[in-house]
Amino acid sequence: MEKPSLLQLQKSKTGALPKLWSRLSIILLVLIILTTGGITIYISSLDISKLQTPLAHPSYLYDLKGNRVSQLSSSRIEPITDQQIPLFMKNAIIAVEDRRYYEHKGVDLRSISRALYRDVISGDFSEGGSTITQQLAKNLFLASDKTLARKLKEAAYALKIEAVLNKDEILVAYLNQIYFGEGRWGLQNAAQVYFGKDSEQLTLEESALLAGLLKAPTNYSPLSNKEKSLERRNLVLTLMKEQNYITAAEYETAVVQPITLRKGSLKNLSGQYAPYVDYVIEEAIDRIGFTEEQILNGGLQIYTQMDPLVQKAAEDVYEESHYFPKGTRDQIVQSGVVIIDHTTGGIRGLVGYRGERVYRGLNHATSTQLERQPGSSLKPFSVYGPALEKGYSPDSMVSDHPLNINGYAPKNYDNQHRGYITMQEAVRHSWNIPAVWLLNEIGIASGVDFTQRSGIPLEEEDHTLSLALGGLSKGVTPLQMAQAYGMFANLGIMNKAYAISKITTKDGTVIFQAQPEAVQVTTPSVAYMMTLMLQDVVINGTGENAYLSRPTAGKTGSVELPHTEEFKGISKGVKDVWFVGYTPELTAAVWMGYDNTDRNHYLTTSGGSEPAVVFKEILSRALESTPVVPFEIPQEYIEQNKFSNKLYKWYKENFYPQSRYEDQFDDEDEDEDKEKGKGKDKGKDKD
């Protein structure tokens, strides 16, 4: 067989080369297509729904006068819209962070190639080059590790973001999420912490300063390093001028401006009036039907009945431990107070705990899960109110003889008996036997009816003579007691207590409006006679420590330790102590006790001691600038007593003695009056 010539072999090899390159090109093209397809599929599979989910908007609380007083939010960000970002701010960010922002599609190949080259050389992948879109992707979706894999993922996310959002939307998202130092995320928070203003009010030089922070917020913070911050700001201004975002004239004006930071403390509303806020959340959920998520993140405007003066007075007193019984190493004595405006039912202030706040923790002021027996503070409802309705008067005689009714034998705290005494005396000293005797006389059903009409819940097992002494199977809350006592102060009309007046959306659309609920519990005359008796309790009886330099009525209450083996041998211990009282302006209920009462945790005080003092301190501070006025005398009462002039003289002599009240109505020295109120014996209430 003839061998191929050299020329033929050369021709054969020459013909094979194009075929090889053709095959290699096809393989390469397939690889490129597969790689591109894989990358495309990967990018399209990335989940950026978090970016499109609306940011949580904080809700705000407003006080009685419509002033914004507290902020509710589960987010560290206060989001803003595109309209709230000044053009200066947008341009400053672009000039310093991503000058080709409007040209690239999420990844700037020039910058990233240069940065990757430097990263490979250095080996630490710390070089910049990320676009604004990449920075947004890193902040939202990726860890902060400095690896090549993270940078590639960052680029993929950036491409996906650019395919979904436009440039303006990306910029808004970026400025809402980025860290500006001093523990502040987002442009709005940064504007507040550094300049004390909203984002839309930022000037050119302020915008440049904030844009300059992003590279190293701690290093360039004007709060800690004004000189470096100024240099960085001016660099940003220079870049803005070079990139034609500002004119030379604007640059010259801005660059010579000093850094002017906010004056005074930051008006941060988060955490303000926490005890009241906790109850507002509770009321919005339990009584209105909102969810906690809606309240914290829905941008709601919640208008309340809170009076900041009253609320602050209550919070301040609860911070001062000397007003409360001393606890033990493992338990403090807990307490709750509610202050309401009895003419409307509006809750003006409340504190539901002592010690460190736990968000929506135990609320001793309002929670029905923490009900406590009211002791003698229930007597005006269970005994004396219904007795007045049946025709008894403060001068009516009641029995203080030894008593045993079918085995029920109540005792007075001093184990003494005084024969027949007036109903007024029985109330003044909170003696137990007359209360039980009188309830038996008027009928238990009368006591049950009046108590329930006053908004105090009772169980079937409470329909016994022990109702006279407040021995309930479940108990009451300070909120319920304040609401009930407010009925006496309001001439027999009980207004249901509430905190929330209305709730609107961010744009002002009303989505809830409170409807006041008023109940006529008893007649004005009966309510006023009760006020007269309860004033005497404060002036001459067990509630003397609650005495204010203004008309005050109230009642003490103490609950004995259970008669069980655990407390055997303890003769002077009590479980719960109360003072509930009112002035012509406000009604307040104070409870104190241990969360867990046992042989090592019980009280040795009374309702006339610390609870009465706390009542006095809170109301004296809250009403400090309020003019002194007397309780209103209803016309019905005047007509029933026929001789109004004689009645007024008797009223003045018995309930405004010269030694206590002459200075209130004759404009004499108030300091002398206060001195006469000092030195009162504490702890008279032993009921």
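Two strands count as paired if DSSP finds at least two bridges between them. Helices (H or I, at least four residues) and strands (E, at least two) are themselves DSSP runs, numbered from the N terminus. With that in hand, let us walk through the structure above. It is a predicted model, in which local features need pLDDT of at least 70 and side-chain atom pairs count only at pLDDT 80 or more, while totals for chains, interfaces and linings use all residues. Residues are numbered from 1 along each chain as its sequence is written, and side-chain values use heavy atoms, with hydrogens and water left out.

**The chain as a whole**

The protein chain has 25 helices and 14 strands. Of its 687 residues, 52% are buried; buried means under 20% relative accessible area, exposed over 50%, and partly exposed in between (1.4 Å probe, protein chains only). Among the contacts with a separation of 6 or more, 71% come from residues 24 or more positions apart, a contact being heavy atoms within 4.5 Å. The accessible surface comes to about 32,700 Å², and 51% of that belongs to carbon and sulfur atoms. Accessible areas come from the Shrake-Rupley method with a 1.4 Å probe, and for residues only the protein chains shown count as cover.

Strand β13 (residues 574-582) is mostly covered, with 8 of its 9 residues buried. Strand β12 (residues 553-560) pairs with β13 in the antiparallel sense over 8 bridges, and Lys555 has Val580 of β13 as its bridge partner. Strand β14 (residues 587-593) also runs antiparallel to β13, joined by 7 bridges. Here Phe579 has Val590 of β14 as its bridge partner. A hairpin of 4 residues leads from β13 to β14. As a reminder when you look at the side chains, in a regular strand they alternate between the two faces of the sheet.

**Helix α8**

Helix α8 (residues 187-195) is another mostly covered element: 8 of its 9 residues are buried. Among them are Leu187, Val193, Tyr194 and Phe195. The cover over the buried residues of α8 includes α3 (87-97), α7 (167-177) and α9 (204-213). After α8 comes Gly196, with a positive phi near 65°.

**Salt bridges**

Side chains of opposite charge can pair when their charged atoms come close. The structure holds 19 salt bridges, each a side-chain nitrogen of Lys or Arg within 4 Å of a carboxyl oxygen of Asp or Glu. The table lists some of them.

| Salt bridge | Closest N and O atoms |
|---|---|
| Arg100 and Glu103 | 2.8 Å |
| Arg100 and Asp108 | 2.9 Å |
| Glu389 and Arg453 | 2.9 Å |

Glu389 is partly exposed at 35% relative accessibility, and Arg453 is partly exposed at 27%. Salt bridges with shared partners join Arg100, Glu103 and Asp108 into one network.

**Two loop residues**

Asp330 sits in the loop between α14 (308-318) and β4 (334-341). Its relative accessible area is 58%, so Asp330 is exposed. The side chain of Asp330 makes a polar contact of 2.7 Å with that of Thr328 and another of 3.0 Å with that of His601. A polar contact is a pair of N or O atoms within 3.5 Å; within protein, one must be able to donate a hydrogen and the other to accept it, and residues adjacent in sequence count only if both atoms are side-chain atoms. Asp330 and His601 are 271 residues apart in sequence, yet their C-alpha atoms are 9.6 Å apart in space.

Ser367 belongs to the loop between β5 (346-351) and α15 (379-389). With a relative accessible area of 13%, Ser367 is buried. The side chain of Ser367 reaches the backbone nitrogen of Gln369 at 3.1 Å.

**A nonpolar patch**

Trp21, Leu24 and Ile27 make a nonpolar surface patch of about 340 Å². Patches are made of residues with over 30% relative accessible area and no salt bridge, where like charges are joined within 9 Å and nonpolar side chains (Val, Leu, Ile, Met, Phe, Trp, Tyr) within 5 Å. Trp21 is part of helix α1 (residues 6-45) and is exposed, with a relative accessible area of 58%.
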